[in-house]
Amino acid sequence: MNKYNKRLLSFVMLIAAISLASCKKFLDREPQSIVSEENAFKNFTNFQGFTEELYHCIPDFTNAYWTNSWNWGDDEIQSAALNFHFVIKIDNGDFWGWQTQFDGWQAGWMDRTNTSTDDDRFHKSLWKLGWYGIRKANMGLANMDKLTDATQEEKDLIKGQLLFFRGWFHFMFIQYFGGLPYIDQVLPGDQKLTLPRLKYNECADKAAADFREAADLLPVNWDNTTAGKRTLGKNQLRINKIMALGYLGKNYLWAGSPLMNYVSTGSKTYNTEYCKKAAEAFGQLLQLCEVGEAPYKLVEFSRYYTNFYTTGQNWSMPGSTEAIFRGPFFGANGSNYGTSKQYGPAVITDGDVKFVPTSNYVNYYGMANGLPIKDITMADPESGYDPAYPWRNRDPRFYNDIVYDGVKCVQGATPDEPNRYANLYTGGSYRNVSTGSRTGYVLYKFIPITANKYDNGWSYDKGLNIHLPYMRLADVYLMYAEAAAQGYGSSSGKDAGYGKTAADAVNFIRDRAGVGHIAPQFLGSLDAFMPELRRERAVELSFEGHRFNDLRRWMLLIQRPYTLKKSVEFDRAPEFSTTDPKNNRVINLRETTILERRFSEKHYWLPLKNADASMYLEFPQNPGW
């Protein structure tokens with residue numbers, strides 16, 4: 001296996017004569033307990049070795065356990081066989097479930113008992129490693145004056161990475177928990193903590209300052225720097241200007257969103273000034289990419305899957321040219337089997353825990369002409385949707401992501417011929433509340449169609465690697481569209497330094513998939529445009545872990561219909577054919593509500609740990625918890 005895919009290659013490995021023999025030995029120990037400050041920070045090679053442990057603080061939310069839960073909105077529902085994943089607890093209104101003391105299986109990626117910066121994917125969690133990473137970043141920044149044996153370029157690279165990580169960990173925390181103390185110095189261990197919780201916008205401003213300075217210090221591409229040439233071709237994960245600009249914009253857009261603006265100012269509207277700042281940062285990023293200065297571009301739709309998995313490439317990391325920010329992955333061959341099985345129905349994959357798309361969410365995949373489906377049970381002459389042929393002429397991403405009734409799921413020889421094709425009609429063999437599809441759909445966006453026990457697409461010799469990025473370029477286009485529209489008041493809004501309007505950015509993403517542009521009736525006002533923008537975001541970024549936070553920041557999480565999870569029910573027509581399932585007719589198409597979440601205002605934020613919220617008066621628990 002390519003060692004880069006297992007661990008970021010450290011600059012420490014490049015010079016055998018230094019006292020630290022290897023990156024692995026250095027990063028597997030508590031850095032400040034092994035070497036003196038003079039040795040740890042005296043030159044670029046050593047300081048970079050110290051800094052690179054921060055990359056191992058990034059949780060891999062797709063591979064943190066045998067099966068993994070990261071979609072907590074209205075997008076996904078779990079089979080009923082077991083109930084330990086966080087999505088089940090969220091469905092029940094129990095948001096305490098993110099905390100390790102309420103997760104007896106230790107399946108969550110946000111908090112775990114055993115947390116480490118080693119190579120074990122089961123040892124990664126956001127809460128513990130995030131605070132550790134903030135302290136480590138502050139230690140590095142406090143010792144920048146000791147970096148004397150280094151060029152200015154090298155000093156900028158170190159400082160830029162440290163600033164980015166300090167901002168990133170704080171941003172990851174505040175988007176779930178609201179305003180917190182912003183730790184920008186090494187806190188003494190022998191003094192009482194009294195740092196108050198800041199307002200959300202106050203934290204966001206501090207994170208923005210870190211992201212902005214990081215963007216100013218870091219290169220677009222490490223391969224083009226003198227220091228980066230020492231690890232040429234192995235710099236894809238190293239923090240650069242594009243990553244810093246991406247999170248600068250995302251941090252501003254989140255601060256400007258209705259939920260965050262509400263807790264900051266009392267207004268449940270967008271903050272236009274924050275949105276303008278977000279659009280500016282995103283515009284700078286996209287301009288650098290479009291003129292070819294940055295090595296990022298949209299993946300061709302025929303290779304869209306390479307954003308999420310690779311196969312037959314010696315476990316090479318997915319992401320291709322589109323992934324902007326992702327962490328290292330650990331144990332690719334050990335994780336692909338479990339992640340594959342969590343999607344395929346039990347009749348062809350075995351296993352108990354399954355995650356399936358809700359019918360109400362799949363409805364966001366509109367028609368190929370770009371028009372939405374108003375009601376899946378009703379004919380719509382305008383869009384061309386016909387409930388008798390619900391799979392016909394849909395958005396091409398529907399066929400890429402979703403397995404529907406009649407799709408060929410087993411490609412090779414099988415002793416189970418009746419299950420070669422997806423039996424997802426009501427009462428079909430793929431429909432099973434306990435270990436199959438509860439909704440009439442199956443998700444194959446992140447796994448090849450051969451990931452089953454007959455085709456063996458997950459076997460060792462296939463080299464399947466599944467790894468989702470935290471941020472990819474398509475996400476940036478859609479965040480830019482939202483920021484530009486809200487910042488400048490219309491679908492034609494744009495940042496002055498970038499050429500595309502909000503509508504242009506959405507249509508650019510649709511062009512990649514061959515979907516029709518936003519229709520004129522959705523461009524006349526923000527009220528008309530935003531539902532289409534949100535629908536586009538739901539489709540393009542489906543099941544990538546964004547929906548829960550999007551619904552929260554838009555203040556839609558606790559409102560109908562976003563509290564509902566539904567199934568599609570139908571019978572096959574007598575002329576059913578497996579030749580082209582898109583054109584199959586169905587009978588008695590209807591939707592049934594599986595569950596409705598009972599949420600209140602308190603569910604817009606996760607509860608802090610009671611032990612933390614009891615430390616001192618200035619650090620109170622979130623309201624309602």
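User: What makes the link between the side chains of N549 and Y176 a polar contact?
Analyst: The distance between them is 3.5 Å.

User: Which residues does N549 contact, leaving aside its neighbours within four places in sequence?
Analyst: They are Q175 and Y176. N549 itself lies in helix 20, which covers residues 547-553.

User: How do you know that C275 is in no disulfide?
Analyst: A search of the whole structure finds zero disulfides. For C275, the nearest cysteine sulfur belongs to C203 and is 18 Å away. A disulfide needs two cysteine sulfur atoms within 2.5 Å, so C275 is in no disulfide.

User: Are C275 and C409 buried or exposed?
Analyst: C275 has a relative accessible area of 0%, and for C409 the value is 0%. Buried means under 20%, so C275 is buried and C409 is buried.

User: Why should residues 1-34 not be read in detail?
Analyst: Over residues 1-34 the pLDDT stays under 50. Where pLDDT is low, the predicted coordinates should not be read in detail. The model has 78 contacts beyond four places in sequence for residues 1-34. The protein averages a pLDDT of 93, and 94% of the residues score at least 70.

Terms used
Residues are numbered from 1 along each chain as its sequence is written. This is a predicted model: local features need pLDDT of at least 70, side-chain atom pairs count only at pLDDT 80 or more; totals for chains, interfaces and linings use all residues. Side-chain values use heavy atoms; hydrogens and water are left out. Helices (H or I, at least four residues) and strands (E, at least two) are DSSP runs, numbered from the N terminus. A polar contact is a pair of N or O atoms within 3.5 Å; within protein, one must be able to donate a hydrogen and the other to accept it, and residues adjacent in sequence count only if both atoms are side-chain atoms. Contact means heavy atoms within 4.5 Å. pLDDT is the predictor's confidence in each residue, from 0 to 100. Buried means under 20% relative accessible area, exposed over 50%, partly exposed in between (1.4 Å probe, protein chains only).
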